[in-house]
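Hi,

Here's the structure I said I'd pass along.

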Amino acid sequence: MEHTYLGIDIGSISTKGVIINEKNEILAKEYILTEGDPIGATKKLVALLENQFDKNRYKIVATGTTGSARRLVGSVVGATIVKNEITAHAVGTTTFHPDVRTILEIGGQDSKIIFVENGIAVDYAMNTLCAAGTGAFLSSQARRLGVEVEDMGKIAVSSENPTQIAARCTVFAESDLVHKIQMGHSKEDIIAGLCHAVVSNYLNNVGKGKKIEAPVVFQGGVSKNIGVVAAFEKELGCKVNVDENGHLMGAIG
């Protein structure tokens with residue numbers, strides 16, 4: 001039987017899991033909402049992963065947990081290893097992008113930046129205080145504008161002239177957004193402006209005073225938004241790489 005490894009990343013919004021083999025190939029992967037119940041979400045996640053997985057051929061020999069509920073879930077699943085998010089994201093990302101220097105990560109409730117030298121995380125910063133640079137902020141604004149959050153990216157990149165939106169804080173951004181709608185700014189310009197607002201908030205909070213060096217990898221749920229990716233590339237003046245499994249990097253790590 002081939003040995004495999006289970007990784008679980010349990011956050012406040014979403015729970016991610018992967019099963020990988022010794023060559024770091026992904027055999028099963030799943031992404032579900034935590035819904036305020038990390039233990040229930042973990043049980044559901046493991047059941048979903050096992051459905052994708054050939055138990056006759058592979059055997060899970062070790063389990064690792066990371067994320068905000070890593071200790072709780074680690075004790076429930078009998079984890080072999082429990083790691084903080086910074087270490088897990090750095091290890092996961094450098095496995096697939098060995099030359100990465102900067103990891104940008106924006107999730108539903110928080111954001112972080114990790115600096116890597118020679119494959120090792122040497123510095124990081126986190127922002128859990130301000131929602132204006134997160135996925136939750138984009139979701140609430142999408143509802144206000146009557147668009148699906150998944151469609152925001154492609155709407156944003158069609159804008160020729162992004163609206164300037166005050167990005168210091170969610171409350172200011174929301175009142176500015178209402179003001180710009182009343183002034184008659186187009187929906188695509190406003191959405192592009194929101195994507196730029198997320199980026200400038202992130203760089204002013206998490207990235208403040210830090211030197212961002214390429215190669216850059218962007219992950220977390222917001223990395224799926226091509227409007228935010230384009231805004232990062234414009235601000236940083238370099239290519240921003242998005243891995244198709246970027247939202248699973250904590251679990252992979």
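Before the notes, one cut-off: a polar contact here is a pair of N or O atoms within 3.5 Å, and within protein one of them must be able to donate a hydrogen and the other to accept it. Also keep in mind that this is a predicted model.

With that cut-off in hand, look at the start of helix H3: a side-chain oxygen of Asn 84 comes to within 3.0 Å of the backbone nitrogen of Ile 86. H3 itself covers residues 85-96. Its 12 residues, at 1.5 Å a residue, should span 16 Å, and the end C-alpha atoms are 17 Å apart, so the two agree. Several residues of H3 are buried, among them Ile 86, His 89 and Gly 92.

Now for the sheet. Five strands make an open sheet with mixed pairing, in the order E8-E7-E6-E9-E10. E8 (120-127) and E10 (240-242) are the edge strands, each pairing on one side only. From one strand to the next, the twist averages 25°.

Inside that sheet, E6 (residues 102-106) and E7 (residues 111-117) are antiparallel, paired over five bridges.

H3 lies across E6, E7, E8 and E9 (216-219), running at about 55° to E7. Helix H8 (residues 226-236) lies across E6, E9 and E10, and runs at about 155° to E10.

Cheers

Conventions:
Residues are numbered from 1 along each chain as its sequence is written. This is a predicted model: local features need pLDDT of at least 70, side-chain atom pairs count only at pLDDT 80 or more; totals for chains, interfaces and linings use all residues. Side-chain values use heavy atoms; hydrogens and water are left out. Helices (H or I, at least four residues) and strands (E, at least two) are DSSP runs, numbered from the N terminus. The expected span of a helix is 1.5 Å times one less than its number of residues. Buried means under 20% relative accessible area, exposed over 50%, partly exposed in between (1.4 Å probe, protein chains only). Two strands pair if DSSP finds at least two bridges between them. Axes are lines fitted to C-alpha atoms, for helices over the stretch in contact, and angles run from 0 to 180 degrees between N-to-C directions. Contact means heavy atoms within 4.5 Å.
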